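Biologist: I would like a close look at one part of this protein. Please take it slowly, as for someone new to structures.

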Amino acid sequence: MNKPLKQHLIDPEICIRCYTCEMSCPIDAITHDENNVVVDASKCNFCMDCIPVCPTGSIDEWRVVEKPYSLEEQYSWMELPVQQDVGGASENGVEALDDAMAQLLAEAHKGAGGKSRPPASASKPSVNLYNLAKPVVAKVQGNYRLTSENSDTDVRHIILDFGSHPFPVLEGQSIGVIPPGQDANGQPLLPRLYSVSSPRDGERPNYNNVSLTVKREPNGACSNFICDRNIGDELQVTGPFGATFLMPNDPSARLLMICTGTGSAPFRAFTMRRQRASAGATGDMVMFFGARTPDSLPYFGPLKKVPDRILKKHLVFSREPGQDKEYVQDRMRVEEAAISDMIRDPRTHIYICGLRGMEEGVEATFGAIAERAGLSWSTVRDAMREDGRYHVETY
Ligand code: NAP
């Protein structure tokens, strides 16, 4: 089998044929016919000059392939091909494992109700490139404590470097980390899922690395393993996983993000993506983020530095001495006018991520706000879900 290669492609369904990418490519690797704009795999050197200039995000597509798609194949496409399995997923027992991972994510997305759909303008994700039989080895490039040393909560920002192994991820996807050890039946422990907290072009732009936001759980086989790793240590990784909890590329899309604790991971990725790729985005981003105290809120300092014109932040605390307990749904009620405006707007996408327990209160709050606006929340929500604009990931 050939060594898998990462190939740069353009999504013909989203591309508006403005040829800006072709003009910005310094080595003439991008070309077009009357049908499509395409990238020549034999020339592309991944310089990424074309990525920020694309007005639609259609340029930011990647597939891991054994043999690159030819120019002729790309000219004939009406849509991008799905990611083929290049990691040996059909070997014994591995399909079952991928099913188990898919099941885990389906369970996490259950709160969305019905079938989850990706946003219409989201890029097509690569999934299941690496599995338990053939994991990819990543090196720890960074391990920083995000919460104060005084806080009981130890949440860490972990950076993983994939070196020369292709590992394309989109914001909102998860990866599996295989913990060492065995279960009670002597079987190897299954991978644990973590959301990627960096944007698609890497924690550091154009480096093949991703970041995770990991909370050390008492007796957690994988969280303790990860949090104890040093720079240079190796981890076995599976994935990427997840094809619906994705970000719209449409720069006019408005994002309403509600999270608790480490459920903030994908929203860090969403925010960085908007900052890096859609400088002129007209769609606003609003975040309701709940933690016990500022000390235990992941990314408290960096978040506060993101300008309000990019991200309007509502950081709420449930155990701040001297203050009333406040949950995200409490602050949503205070911000009723803004939420009412957003749920009426067909450009709005809602994302809920974190503790499963938050769903009930958040749903009830949406219900009450919608009712006062003369709307039926279940009708609004079901229409948003059908449209790929309502997403839940809770554990
Ligand atoms: P946490 O520290 O236990 O809680 C965060 C905040 O949520 C606290 O202020 C807590 O308040 C509050 N809270 C508790 N019950 C609530 C409710 N019913 N409604 C609203 N707020 C409520 O959170 P965590 O341990 O970081 O957990 C985050 C969750 O996100 C986990 O389930 C994790 O699996 C999931 N997640 C993680 C990732 C990742 O990549 N690491 C990705 C997606 C999701 P009190 O404790 O004061 O009641």
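Which domains does the domain assignment of the protein give? After that, please describe the contact between domain 1 and domain 2.

Modeller: Keep in mind that this is a predicted model. The domain assignment gives domain 1 as residues 5–108, domain 2 as 136–241 and domain 3 as 254–394. For the part you ask about, the C-alpha centres of domain 1 and domain 2 are 25 Å apart. Where these two domains touch, domain 1 supplies 11 residues and domain 2 supplies 9 residues.

The size of an interface is often stated as the accessible area that is lost when the parts come together. Between domain 1 and domain 2 the buried area is about 1000 Å², and carbon and sulfur atoms give 79% of that area.

The interface of domain 1 and domain 2 has 1 salt bridge by the rule used. A salt bridge joins the side chains of arginine 200 and aspartate 60, with an N to O distance of 3.7 Å.

Sorted by class, the side of domain 1 that touches domain 2 holds 9 nonpolar residues, 2 charged residues and no polar ones.

Notes:
Residues are numbered from 1 along each chain as its sequence is written. This is a predicted model: local features need pLDDT of at least 70, side-chain atom pairs count only at pLDDT 80 or more; totals for chains, interfaces and linings use all residues. Side-chain values use heavy atoms; hydrogens and water are left out. Domain bounds come from an automatic or database domain assignment. Contact means heavy atoms within 4.5 Å. Buried area is the accessible area (1.4 Å probe) that two parts lose on being put together, summed over both. A salt bridge is a side-chain nitrogen of Lys or Arg within 4 Å of a carboxyl oxygen of Asp or Glu. Ala, Val, Leu, Ile, Met, Phe, Trp, Tyr, Cys and Pro count as nonpolar, Asp, Glu, Lys and Arg as charged, and the others, Gly among them, as polar.
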